[in-house]
Amino acid sequence: MSCAEPHALAGLCEFVQNHPRLFVLSGAGISTDSGIPGYRDADGRWNRSPPVLLQDFLRSEPVRRRYWARSLVGWPIVAGASPNAAHHALARLETAGRLQQLVTQNVDGLHLRAGNSQVIELHGNLDRVVCLDCGRDYPRASIQQTLEAENPDFVTALQSPAADGDADIQCRDIDAFRVPSCTCCGGTLKPGVVFFGEGVPRDRVDAAMKSLEQADAMLVIGSSLMVYSGFRFCALAAERRQPIAAINLGRTRADHLFVLKVERPCADALASLVGQLPSGRGSARPGAEFSA
């Protein structure tokens, strides 16, 4: 059910207090206050054309040129982003022992930068690039240097940022764009993230599923759950009769499974939650266990 003010945050606070072993799943909506756009609108529809599919990236040089041209101007936005109040609130919940596992669908690394340690990055991290032929691993920052050096005309092509290090760029001669290749073997480079149409590595899924089994409840933050890789955790929790709450603006694929839904911005809701939680479990003094 969706709660209106002033009961929404009180309900969320009670939910967290009643379920000390919390499994949290975060999505793009938690990073929008850090300046990283989300994928979908309030109805779960794409805000823009869908991202590149894995098979298209692998088989088509023009698609790889398009991807890397947009990434050249979009990645610095992610690299320069800072964790917002929502990320910091989750780090404090972990420190306070109220968060058993954090699973994120995001590839921006902001949960780790905020201080969370119990993080499964379901879809990987943009910070790394891998050669699909020899397996060599590169820091994304070093690939950025190569991209900028070999494609100076594209450096200033930003029109508007898009989700996950992508960007809409002004019309340029994409055919002239030079795609980076492995300095070891000349092979194809791919960002260290799960593309649409690509399976999530089994070890990450298994680790997340195992943690969900041990949890008291699940909290979804900033995700429409339209992608099955995230929705499946809600489906499993519901099957096991584990209660699910959500903080999300707009419709999600799992609305019918929630016992509580808070329709407020993630940073606002989580900062308020941390401020309302008592010191320890059962103490009446608000927020003491979360003091700096």
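What share of the contacts in the chain with a separation of 6 or more comes from residues 24 or more positions apart? In this predicted model, such residues account for 70% of those contacts. The chain has 292 residues, and buried residues make up 51% of them.

One pair of helices shows how parts of the chain meet. Two packed helices are described by the angle between their axes and the distance between the axes. Helix 4 covers residues 85-95 and helix 9 covers residues 266-276. They pack at an angle of about 35°, and their axes lie 7 Å apart. The crossing of helix 4 past helix 9 is left-handed. On the side of helix 4, the contact is made by A85, A86, A89, L90, R92 and L93. Helix 9 contributes C266, A267, L270, A271, L273 and V274. Of the residues in this contact, 11 are nonpolar, none is polar and one is charged.

Strands of a sheet pair through backbone hydrogen bonds, either parallel or antiparallel. Here, three strands in the order 6-5-9 form an open sheet with antiparallel pairing. Strand 6 (137-139) and strand 9 (189-193) are the edge strands, each pairing on one side only. From one strand to the next, the twist averages 40°. Strand 5, residues 124-131, is joined to strand 6 by three bridges. In one of the pairings with strand 6, V129 has Y138 as its bridge partner.

Notes: Residues are numbered from 1 along each chain as its sequence is written. This is a predicted model: local features need pLDDT of at least 70, side-chain atom pairs count only at pLDDT 80 or more; totals for chains, interfaces and linings use all residues. Side-chain values use heavy atoms; hydrogens and water are left out. Axes are lines fitted to C-alpha atoms, for helices over the stretch in contact, and angles run from 0 to 180 degrees between N-to-C directions. Helices (H or I, at least four residues) and strands (E, at least two) are DSSP runs, numbered from the N terminus. A crossing is left-handed if the near helix is turned anticlockwise from the far one by less than a right angle, and right-handed if clockwise. Contact means heavy atoms within 4.5 Å. Ala, Val, Leu, Ile, Met, Phe, Trp, Tyr, Cys and Pro count as nonpolar, Asp, Glu, Lys and Arg as charged, and the others, Gly among them, as polar. Two strands pair if DSSP finds at least two bridges between them. Buried means under 20% relative accessible area, exposed over 50%, partly exposed in between (1.4 Å probe, protein chains only).
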